[in-house]
Amino acid sequence: MKAIVAAKASVSPSPDLAHKVATKPLPSTTRRLRRGGLANVVVMTVAAGIVGTLAIPAYAFAPGSGGPQFATTDATRLTQAQAQSVDVADDVIAAPVTKDGYAAVSGAEIKAAAEAAAAAEAARVAAETAMTSYAASYSGPSVGDFLANPPYPNFDLASVYNVATQYIGTPYVYGGATPAGFDCSGLVMYVYAQFGVSMPHSSTGQGAMGTRISEADAQPGDLVIMPGHDGFYAGNGMILHAPYEGASVRVQPIWTSDYYIVRIGI
């Protein structure tokens, strides 16, 4: 029993050892928590860096990506730009819109123009041939012959009209000024030449030679002047004239209101 007590006594801690154990501080929980918080911050920072790096587009790491070919385009900058407002002057807003003067010509129009040109040329050739035949078919006195020696030296309207009636039935010939064929002004010129009155071969020129009078004062022998045409006034709203190709000198009613009366010699 003494031995057992002694053994127990031998293993009992000494007062110094017990004091050391009692006074030695235990590992601090606060320190462990402090170290753990710091480690968490470090881990989170590193993780954020890795995520940010992965989020960067692959082309950001491409070699030479700083070159001008990788620069932002004007279209991209406009797309990324915020909304903008533009002030436009009133005169620009009210600027009239005009139609372009360009006009397209269709194939049909070109064909029609070519056909019209061909028809005009054919008419010219026909008229030239007719005039050659016309000149050869007449051997009587010309306008020049009459002006040099007028058969009717005494001029009066009634005589003028009577001479004009002698040529009723003469065929119309463009450019004609003899009894072989007359056009409108050629007939007037040929008749007045027999009274010693020289006239141009033109309805407009003949109208300019005289004095305008009212239709109420008009007498047979006065001139009826129309746009591009003329003839002798025949009384009662009638005209004696060489009308057109294919017709002959005749008397007929005046068919238009677009005319005026001219008297020669006053």
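This tour moves through the model from the whole chain to its sheet, its helices and its cores.

**The whole chain**

The structure is a predicted model, in which local features need pLDDT of at least 70 and side-chain atom pairs count only at pLDDT 80 or more, while totals for chains, interfaces and linings use all residues. Residues are numbered from 1 along each chain as its sequence is written, and side-chain values use heavy atoms, with hydrogens and water left out.

Begin by colouring the chain by pLDDT, the predictor's confidence in each residue, from 0 to 100. The chain average is 78, and 61% of the residues score at least 70. Select residues 1–13, where pLDDT stays under 50. This stretch has zero contacts beyond four places in sequence, a contact being heavy atoms within 4.5 Å. Residues 58–62 also stay under 50, with four such contacts.

Next, display the secondary structure: the chain has ten helices and eight strands. These are DSSP runs numbered from the N terminus, helices being H or I with at least four residues and strands being E with at least two. Of the 266 residues, 24% are buried, that is, under 20% relative accessible area with a 1.4 Å probe, counting protein chains only.

**The sheet**

Select the six strands of the open sheet, which follow the order E3-E8-E4-E5-E6-E7 with antiparallel pairing. Two strands count as paired if DSSP finds at least two bridges between them. At the edges are E3 (211–213) and E7, each of which pairs on one side only. Neighbouring strands are turned by 45° against each other on average, direction ignored; axes are lines fitted to C-alpha atoms, for helices over the stretch in contact, and angles run from 0 to 180 degrees between N-to-C directions.

Within the sheet, select E4 together with E8 (residues 260–263), which are joined by three antiparallel bridges. Isoleucine 225 has tyrosine 260 in E8 as its bridge partner.

Continue to E5 (residues 229–235) and E6 (residues 238–241), an antiparallel pair with three bridges. Glycine 235 is opposite methionine 238 in E6. Which residue of this hairpin takes a positive phi? It is asparagine 236, with a phi near 55°, in a hairpin that has two residues between the strands.

On the other pairing of E6, four bridges connect this strand to E7 (residues 250–253), again antiparallel. Here leucine 240 is bridged to valine 251 in E7.

**Helices across the sheet**

**The cores**

Now select Leu187, Val191, Tyr192, Met199, Leu223 and Phe232, which touch the most other members of the largest nonpolar core, a group of 31 residues. Such a core is a set of buried Ala, Val, Leu, Ile, Met, Phe, Trp, Tyr and Cys residues joined through side-chain atoms within 4.5 Å. The elements giving two or more residues to this core are H7 (143–148), H8 (157–165), H9 (184–193), E4 (223–226) and E5. Which element gives the most? That is H9, with seven residues.

Centre the view on methionine 199. Beyond its neighbours within four places in sequence, methionine 199 contacts Val188, Met189, Tyr192, Gln206, Met209, Leu223 and Ile264. Finally, select Val224, Met226, Tyr233 and Ile239, which are among the eight residues of another core, apart from the largest one.

Note on methods: Buried < 20%, exposed > 50% of the residue type's maximum accessible area, 1.4 Å probe, protein only.
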